[in-house]
Amino acid sequence: MSITPATAKHSSADGTAEAILLELVDENGVTIGTAEKLAAHQPPGRLHRAFSVFLFDEQGRLLLQQRALGKYHSPGVWSNTCCGHPYPGEAPFAAAARRTFEELGVSPSLLAEAGTVRYNHPDPASGLVEQEFNHLYVGMVQSALRPDPEEVGDTAFVTPAELAERHAKDTFSSWFMTVLDAARPAVRELTGPSAGW
């Protein structure tokens with residue numbers, strides 16, 4: 001993981017990662033405590049704050065990310081542009097912009113809130129549970145990608161038709177369709193009717 005000012009306090013002096021804490025929330029998204037990241041995803045899962053980013057190019061195509069094979073959770077599957085968890089006390093918007101840059105090497109343009117969605121998705125492959133209160137964001141990508149290979153296995157820009165084809169044959173994250181469907185009103189507003197989202 002690249003070290004930025006936002007992540008430096010979450011790494012020890014010798015460069016090894018400290019335990020990553022997530023914000024636990026109630027059903028209204030109010031912070032009620034913290035839990036270590038892996039522990040929060042153990043069955044039955046603990047409701048925690050997360051974010052999902054959907055970035056589009058000038059043609060209205062969605063940027064998909066294939067998660068790196070080394071990820072402990074959902075490795076090798078396709079998902080939205082970027083997703084993750086704010087650090088305790090970190091604004092979800094700031095976390096979304098930070099992680100998009102850390103993972104893909106780009107800063108989103110016109111990044112805007114697209115609502116929230118709450119879900120409970122067990123991942124059959126890993127046995128982990130995504131019990132999340134997810135903050136959604138949509139925006140544009142207007143510069144060349146520089147993916148971190150430790151985070152990202154591959155990327156692809158897709159139209160709605162290409163996404164449907166890919167979704168039928170490739171493995172996607174358990175949360176992907178839930179977050180995409182919840183973000184669709186904001187996606188349509190950003191990309192316009194001709195993009196077909």
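Modeller: Buried means under 20% relative accessible area, exposed means over 50%, and partly exposed lies in between, using a 1.4 Å probe and protein chains only. This is a predicted model, in which local features need pLDDT of at least 70 and side-chain atom pairs count only at pLDDT 80 or more, while totals for chains, interfaces and linings use all residues. Residues are numbered from 1 along each chain as its sequence is written, and side-chain values use heavy atoms, with hydrogens and water left out.

His121 is buried, at a relative accessible area of 19%, and its side chain makes a polar contact of 2.7 Å with that of Thr178. A polar contact is a pair of N or O atoms within 3.5 Å; within protein, one must be able to donate a hydrogen and the other to accept it, and residues adjacent in sequence count only if both atoms are side-chain atoms.

For "binding site", an unreviewed UniProt entry lists His41, His48, His85, Glu130 and Glu132. Although these are spread over 92 residues of sequence, they cluster in space, with a largest C-alpha distance of 12.0 Å. UniProt positions follow the numbering used here, feature names are shortened, and annotations may be inferred rather than shown by experiment.

Among these listed residues, His48 is buried, with a relative accessible area of 0%, and His85 also counts as buried, at 16% relative accessibility. The side chains of His85 and His48 are joined by a polar contact of 3.3 Å.
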